[in-house]
Amino acid sequence: MSGSSKLGVLFPFVVISGAWTVPPYYQSFEKASKHEAQLDSVIIEVNGEPRSVKNGEELSFVRGDELLVKKVLLNSPEAKPSITNVVGFVNEGSGSNDLGYKIDTSTELTKKTWALNPEGTVYTVVAYSQRILHGAVFLNRVEPRLEYIDVDINGKTRVMREGEKLLVKKSDSFKVERVVTNLRDNETITFAIVPVIRGEQEAEVPAEKGAKEYRIVFRHKEYTFAKIPMIVEN
């Protein structure tokens, strides 16, 4: 059983000006008064692709993306902030400077405690020196979502959505033809048909004796975001 994916709903990388403010702890910092010491932009790599985010702007990313704060630019090229903190991320070292550390958003930037909004999706990158705040940019997490898939069974197309169960026979010709999500492209979307191990908590009861259980598992990079149960009957 095999398949290919084609995307139907686009989610672009967007950089927008937002109305977010820095977390309460940083609101007590003195804002840099000199133009030269104010933040111009932050270069953030998203899956290795650099994005420039201006001071006060927001960059959207998809959960599962790998982020890396590559460079922080103040208005004066000679000036550099002492600390660049991605609030809510704990790096491999012992300090609070997160510049140059890879962030796997499958598991990082997911705790509402550090988010700016009740939904827990907006996080802050703060640049400061001692208690002088140069500026900040914001990261907006988008959860990947499966809209539907087109499945070809014996030459006939069937539309399946998460929460539905796919029943096929062992003799059927089966292929996943199209995967539609809310993401921008399908380069990082993969799917696999994996057997269900008996005894797993999520295991289904086969429709008939001798039937085998599978799941079609959908991932954005390494993050699993959807599953469709599949039962193969004799």
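**View 1. Strand β11 gives the most to the lining of the second largest pocket, with five residues.** This is a predicted model, and we start at a pocket holding about 260 Å³ of space. Its lining is made up of 16 residues, and those closest to the centre are Val22, Lys31, Leu133, Gly135 and Ala136. Both α1 and β11 supply at least two residues each to this lining. Sorted by class, the lining of the second largest pocket comprises eight nonpolar, seven polar and one charged residues.

**View 2. The largest pocket has about 320 Å³ of space.** Here 18 residues form the lining, and if you look for the ones nearest the centre you will find Val87, Gly88, Phe89, Thr113 and Trp114. Helix α1, which spans residues 24-27, gives the most to this lining, with three residues. The lining of the largest pocket counts 11 nonpolar, five polar and two charged residues.

**View 3. Arginine 63 and glutamate 143 join their side chains in a salt bridge, at 3.5 Å from N to O.** The two partners come from distant parts of the chain, 80 residues apart. Arginine 63 sits in the loop between β6 (57-62) and β7 (66-74), while glutamate 143 belongs to the loop between β11 (132-142) and β12 (146-153). Arginine 63 counts as buried because its relative accessibility is 17%, under the 20% cut-off. Glutamate 143, with a relative accessible area of 29%, is partly exposed.

**View 4. Arginine 141 also forms a salt bridge with glutamate 143.** In this pair the closest N and O atoms are 2.8 Å apart. Arginine 141 has a relative accessibility of 9%, so this residue counts as buried.

**View 5. Lysine 169 and glutamate 233 form a salt bridge between two strands.** Their closest N and O atoms are 3.9 Å apart. Lysine 169 is partly exposed, at 42% relative accessible area, whereas glutamate 233 is buried, at 13%.

**View 6. Arg63, Arg141 and Glu143 belong to one network, joined by salt bridges that share partners.** Glu143 is the partner of Arg63 and also of Arg141. To place these views in context, the structure holds six salt bridges, among them the pair of lysine 169 and glutamate 233.

Methods. Residues are numbered from 1 along each chain as its sequence is written. This is a predicted model: local features need pLDDT of at least 70, side-chain atom pairs count only at pLDDT 80 or more; totals for chains, interfaces and linings use all residues. Side-chain values use heavy atoms; hydrogens and water are left out. A salt bridge is a side-chain nitrogen of Lys or Arg within 4 Å of a carboxyl oxygen of Asp or Glu. Helices (H or I, at least four residues) and strands (E, at least two) are DSSP runs, numbered from the N terminus. Buried means under 20% relative accessible area, exposed over 50%, partly exposed in between (1.4 Å probe, protein chains only). On a 1 Å grid over the protein atoms alone, a cavity is a set of points where a 1.4 Å probe fits but cannot get out, and a pocket is an open set with protein on both sides within 12 Å along at least five of seven lines; lining residues have an atom within 4 Å of a point. Grid points are joined across faces, edges and corners, and a volume is the space filled by probe spheres set on the points. Ala, Val, Leu, Ile, Met, Phe, Trp, Tyr, Cys and Pro count as nonpolar, Asp, Glu, Lys and Arg as charged, and the others, Gly among them, as polar.
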